[in-house]
Amino acid sequence: MMLVVQLLKGAAKHAGSRPQCSVERLFTAARGISSSSRQSSASGRSQCSACTDTDLPKVLITGGLGQLGVGLAKMLRRRIGKNNVILSDIRKPPNHVYHNGPFIFSDILDYKNLREIVVNNNISWLVHYSAVLSAVGENNVALAKEVNITGLHNILDIATEHGLRVFVPSTIGAFGPSSPRDPTPELCVQRPRTIYGVSKVHAELMGEYYHHRYGLDFRCLRYPGIISADSQPGGGTTDYAVQIFHAAVKTGQFECNLRGDTRLPMMYIDDCLRATLEFLEAPAETLINRTYNINAMSFTPHDLTQEIQKFLPDLKVTYNVDPVRQAIADGWPMALEDSAARRDWGWKHEYDLPELVQTMVTHITMGNQVAQAY
Ligand SMILES: NC(=O)c1ccc[n+]([C@@H]2O[C@H](COP(=O)([O-])OP(=O)(O)OC[C@H]3O[C@@H](n4cnc5c(N)ncnc54)[C@H](O)[C@@H]3O)[C@@H](O)[C@H]2O)c1
């Protein structure tokens with residue numbers, strides 16, 4: 001109980017220094033739309049008041065039931081209305097997702113079905129989140145090739161055919177051991193050694209090619225490892241940085257599968273989703289590049305443990321290194337150089353390591369207490 005009070009005090013102090021929540025900030029900070037052209041309601045919905053419903057984009061999110069899709073749909077729905085954002089995946093959604101807005105089955109490998117969805121729903125923006133992530137991909141190269149490469153071809157062809165704006169995330173995994181690692185510039189040698197990384201370099205290059213060749217409005221951000229409290233990671237190399245929080249709150253013990261000194265770039269989910277929306281909304285003429293690095297913080301398992309122990313001093317971390325994940329992490333950037341994103345469309349992260357840890361511990365502790373009360 002003491003911990004919760006301490007965390008809530010911290011959160012209140014934090015809120016005082018930051019007058020708006022991240023979603024509100026998105027609405028007022030989004031470029032190209034002045035604050036006077038927006039309206040807010042008690043429900044938190046904020047939408048361009050000058051826009052009619054027909055001006056608003058109609059968005060399809062593929063692979064929407066992974067770590068990032070549900071959160072992005074929530075932010076987008078507040079921005080442009082519930083029915084203008086369709087989540088899709090090949091899995092059955094949990095009830096709360098099903099009841100929170102439109103959801104449909106969509107397999108990105110089924111070209112005809114994907115095209116039908118785009119046409120029947122008058123889709124104008126496509127957020128392509130379906131993927132097989134790094135650690136899972138190394139265990140199933142054939143599946144990773146199919147989903148990450150063939151699937152991407154379907155997305156780019158359909159987006160081009162129907163004049164869509166398409167967002168495809170890339171990753172720190174698109175770099176490799178021969179890339180400069182600290183920091184990794186936007187343009188440098190990219191020779192990744194995972195099928196995941198190879199497929200993401202392919203996505204960056206194909207998207208940029210379609211942009212130059214056919215005028216496709218292709219947009220790509222290289223995400224760091226993303227940390228979230230209420231959605232689970234999908235088999236990437238940075239998963240430990242989410243799992244450690246749940247273990248710290250529930251059992252006080254965590255076995256880490258990376259070495260304690262493995263420094264990787266990371267980002268809190270709110271920053272990642274806000275970056276995605278700001279980038280999607282940026283006027284095309286401001287985008288000098290079509291693929292941008294975005295950076296927030298870098299830390300090792302050792303740094304993260306020490307920061308969590310400020311709230312949960314009993315946390316014990318042991319190390320049982322997974323050679324596959326460690327080899328992947330050893331070839332990845334330690335930090336990304338992201339000055340182009342900051343210059344061209346105003347990217348600015350808000351969460352550093354102390355804020356991230358306080359927010360994560362608060363969310364997970366509160367979530368557990370609510371769950372225990374039922
Ligand atoms: N989460 C991160 O830390 C991170 C970091 C860098 C980049 N990214 C990228 O962001 C995107 C979203 O990441 P995530 O963490 O939510 O991924 P995730 O692995 O959690 O979710 C991916 C989703 O894709 C779906 N999927 C798989 N095959 C499909 C198919 N054939 N058709 C339709 N859907 C299919 C899965 O069911 C799953 O729900 C991915 O492209 C990923 O590469 C994520």
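Me: Which residues come nearest to the ligand?
Reply: A residue counts as near a molecule if its C-beta atom, placed from the backbone, lies within 6 Å of it. Around the ligand there are 28 residues, and G63, G66, S130, A131 and G234 come nearest. This is a predicted model, in which local features need pLDDT of at least 70 and side-chain atom pairs count only at pLDDT 80 or more, while totals for chains, interfaces and linings use all residues. Numbering starts from 1 along each chain as its sequence is written.

Me: How do the residues of that shell divide into nonpolar, polar and charged?
Reply: Ala, Val, Leu, Ile, Met, Phe, Trp, Tyr, Cys and Pro count as nonpolar, Asp, Glu, Lys and Arg as charged, and the others, Gly among them, as polar. Here the shell holds 13 nonpolar, twelve polar and three charged residues.

Me: Why is strand β4 described as largely enclosed?
Reply: Strands (E, at least two residues) and helices (H or I, at least four) are DSSP runs, numbered from the N terminus. A residue is buried if 20 or more other C-beta atoms lie within 10 Å of its own, exposed if 12 or fewer, and partly exposed in between, with C-beta atoms placed from the backbone. In β4 (residues 85-89), five of the five residues are buried, so the rest of the structure largely encloses this strand.

Me: Which way do the residues of β4 point?
Reply: In a regular strand the side chains alternate between the two faces of the sheet. In β4, V85, L87 and D89 point one way, I86 and S88 the other way, and all are buried.

Me: Which strands pair with β4?
Reply: Strands pair if DSSP finds at least two bridges between them. Strand β3 (residues 59-62) runs parallel to β4 and is joined to it by three bridges, with I86 as the bridge partner of L60. Strand β5 (residues 103-105) also pairs with β4 in the parallel sense over three bridges, and there F105 partners D89.

Me: What should I make of the backbone at N122 and P183?
Reply: Most residues other than glycine have a negative phi, and most peptide bonds are trans. N122 is not a glycine, yet has a positive phi of about 55 degrees; its place is the loop between α5 (111-120) and β6 (125-128). With 11 other C-beta atoms within 10 Å, N122 is exposed. D182 and P183 are joined by a cis peptide bond, with omega about 0 degrees, and P183 lies in the loop between β8 (170-171) and α8 (195-214).
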